[in-house]
Amino acid sequence: MLWLDGLPVLPRPLIVRLLLYDTLLLSVIFFHLTRAFLRRDGHSRRWWIAGLVWLLAAILLGEHLLPLPNPIWPGGGADTLAFWMVTVGWAAFTGSAVWLSVQTYTQIQQPLHRNRITYWFTVIGFITADALLFLTGSATPGGGLQLIGVMIATYVILTHSLPDVRHTARRVISYLIITGLTVALYTAGILATQYAFQSVPGYSSWLAVAAIALVLAIVFDPLSKMVQRLVNRLISSTHYDLRRTVQQYSANISNVLDLEQLATMAITFICNELQIRRGAVYVIHHMRRPDQEWPDGYFKLRGIVGTGNGLPPGNELPEGALQPQSPLVENLRDLPSLSQYDIDLLPQFQETLPEEKAWLANLNMDIYVPIYASGEWIGLLTFGPKRSGDRYFDHDLDLLKTLADQTAVALKNARLFDDLKYRNEKIEQLNYELSVANEKLARLDQAKSDFIGVASHELRTPMTQIRGYSDMMLDMLESDGLSPESGAMMIRGMSKGVNRLEEIVNKMFEISKIDTETLDLNVEQVSLKEVIDGVVKDFDSALQERHQTLAVENLADLPTIIADDDRLKQVFMHLIQNAIKYTPDGGRISITGRDLSETALRPEDAFVEIIVADTGIGLASEELEHIFEKFYRVEDARHHSTGQTKFKGAGPGLGLTIARGIVTAHGGRIWGESCGYDETNLPGSEFHVVLPVESSQMELIRSEEFEASL
Ligand code: ADP
């Protein structure tokens, strides 16, 4: 542009206008450069278009390229309109660049990033000053200020490790103070000696100067140290005694075997000593077994302890996974430490997987120091920013590395110990589970063989009955000796046998439905009193036969419930049948109702309870849960008598299983209570059935608890 200015062919006003457009264009470019520098370059096309459209509009107006009436602008001609458009556009883009930089600076906590942005502020300062001088008519643009700005920008963009502004400022301040103090002391000394000794005969100003210089040389060193300390304290920088720190650290951690304790000790010590805001210790597990997601295995990073503010929510350290080829792993192997600043900006980290980067971002740390023991990567110390806001200087990183090395042996031992502890616990747990499973298996096995025994016994009795009658009938028919009465009697006998067979097969069928969760319920309003009265009636003759009494109490007051009455009949049929069977002749049975719905706050919390109690032989406490299992019977399968209501006339061990399946399907609960098994003292048993008044949660409970109950 300056060169154009020298050409005689172009009129000067045009050149000035060109410079004006150029200023706007540069501000648009600079805004984009700032966005790229701050890594906030989303939607960049939109901004480019806005900038260029504004520029185009300014050119069209400024160059009278649009057939618009003149003047279109109260402040003067199209020239001044173009000038103001350029100025407003320039101010908008430059202002946005400043605002974006300030915003990023305040958002980012990491000192290295902040340091980098601080440099950018000086770039903005120079470039803006240059443009301002031009717009106010004080200078032509593209002068020295802009050049300095561009040079600083180039330096900042091309240099990764920028000198620390705070540190440099601190040095300059202490240098200035010391220089000022020296000059002041020197001058004061000379003036004082002159004033005091001038009249003394033999006074030599040379000697006086030499004496003051000597005094200054002696006090200079302590003075400069004092000033440095003072400045450091003013700008709060951390200082520590390296040897003492390392010694104390090793002494602290050397005998700790517990992994968590070691990690806590290490991280608290380092954070206190270096005045670090937060830190965390990770242990590394090299998972060598390949799987689909990680064909080469991976490094699992398990957080042990974190301390300080700003850790992930709940102080829960997220578990990380790094692939062996990750640039992070490679750099942690080769370098004593790694900074988040490097990971964010250096090109070699561009290949890092997004999930690995996201994990690091979530950690919210500045520095990562690996711990190696005999060449194996076993741990990672991570640290957030320092309290002072300072960066980590080389001496800090050296100290961290030394401390990490000191930690290696202790960490290795603690890991081994932890591993051993974990394995031990795991083995104990497995042993326990195994013994439980074994017990269950043995019981199941027993139940199965019992079932085969019981089923064949149960099935054989009616079958023998049928076969006997049919053989007899055939013989009698062949010998023409079958009278109608004896024929009818035999057919009745056969029909009884078939009924019994049908009953057993039906029970087995019910069980299979419960097992496969295909038990359908036809629910309606049901009165429990009606259900139970109906069942009790069926047992009238059995009760008479066994001289037992059965009392029904409080059922009339119970609310009606929504349930399947046929299924509920089955439940109480089994319970009453059992009560009769396991109570000696002359015993008492009672069926009592309780309304539990009165205290319920919501309709779905309303329940009713039915208790079937007897004065029978009772049940041992360890049997109380097993009796609901399939085919489970307390007594030995070989010693039972067949019969639906005979004393101890055990069935195939399916009654309670069916009862529990049905009650659970209704969203209820069933359990047994007894003070023990005793055939002489007859402690009796109680069976409790709790059913919901409204079965709205039925679906839910059916799916969740059904399985667990069987
Ligand atoms: P079963 O068809 O053998 O009666 P159940 O499933 O109904 O099978 O009962 C399982 C076992 O629970 C029975 O073998 C019996 O030993 C025990 N049992 C059930 N009800 C009672 C009770 N009221 N008193 C004592 N024992 C009982």
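Select strand β1 (residues 278–287) together with strand β6 (residues 376–383): in this predicted model, the two pair in the antiparallel sense over 5 bridges. Within this pair, display Ala 280, which stands opposite Thr 382 in β6.

Turn now to the nonpolar cores. The largest has 48 residues, and Leu 528, Phe 572 and Leu 575 are those with the most contacts inside it. Colour helix α18 (residues 565–581) here, as it supplies the largest share of this core, 7 residues. Centre the view on Leu 528 and show its partners beyond four places in sequence: Leu 558, Ile 561, Leu 568, Phe 572, Val 608, Ile 610 and Leu 691. A second, separate core comprises 35 residues; select Val 246, Ile 253, Ile 304 and Ile 367, which are among them.

Finally, select the cysteines Cys 271 and Cys 675. Which of the two is buried and which is exposed? Cys 271 counts as buried because its relative accessibility is 5%, below the 20% limit. Cys 675, by contrast, is exposed, since its relative accessible area is 78%, over the 50% limit. A search for disulfides will return none: the structure holds 0.

Methods. Residues are numbered from 1 along each chain as its sequence is written. This is a predicted model: local features need pLDDT of at least 70, side-chain atom pairs count only at pLDDT 80 or more; totals for chains, interfaces and linings use all residues. Side-chain values use heavy atoms; hydrogens and water are left out. A nonpolar core is a set of buried Ala, Val, Leu, Ile, Met, Phe, Trp, Tyr and Cys residues joined through side-chain atoms within 4.5 Å. Buried means under 20% relative accessible area, exposed over 50%, partly exposed in between (1.4 Å probe, protein chains only). Helices (H or I, at least four residues) and strands (E, at least two) are DSSP runs, numbered from the N terminus. Contact means heavy atoms within 4.5 Å. A disulfide is a pair of cysteine sulfur atoms within 2.5 Å. Two strands pair if DSSP finds at least two bridges between them.
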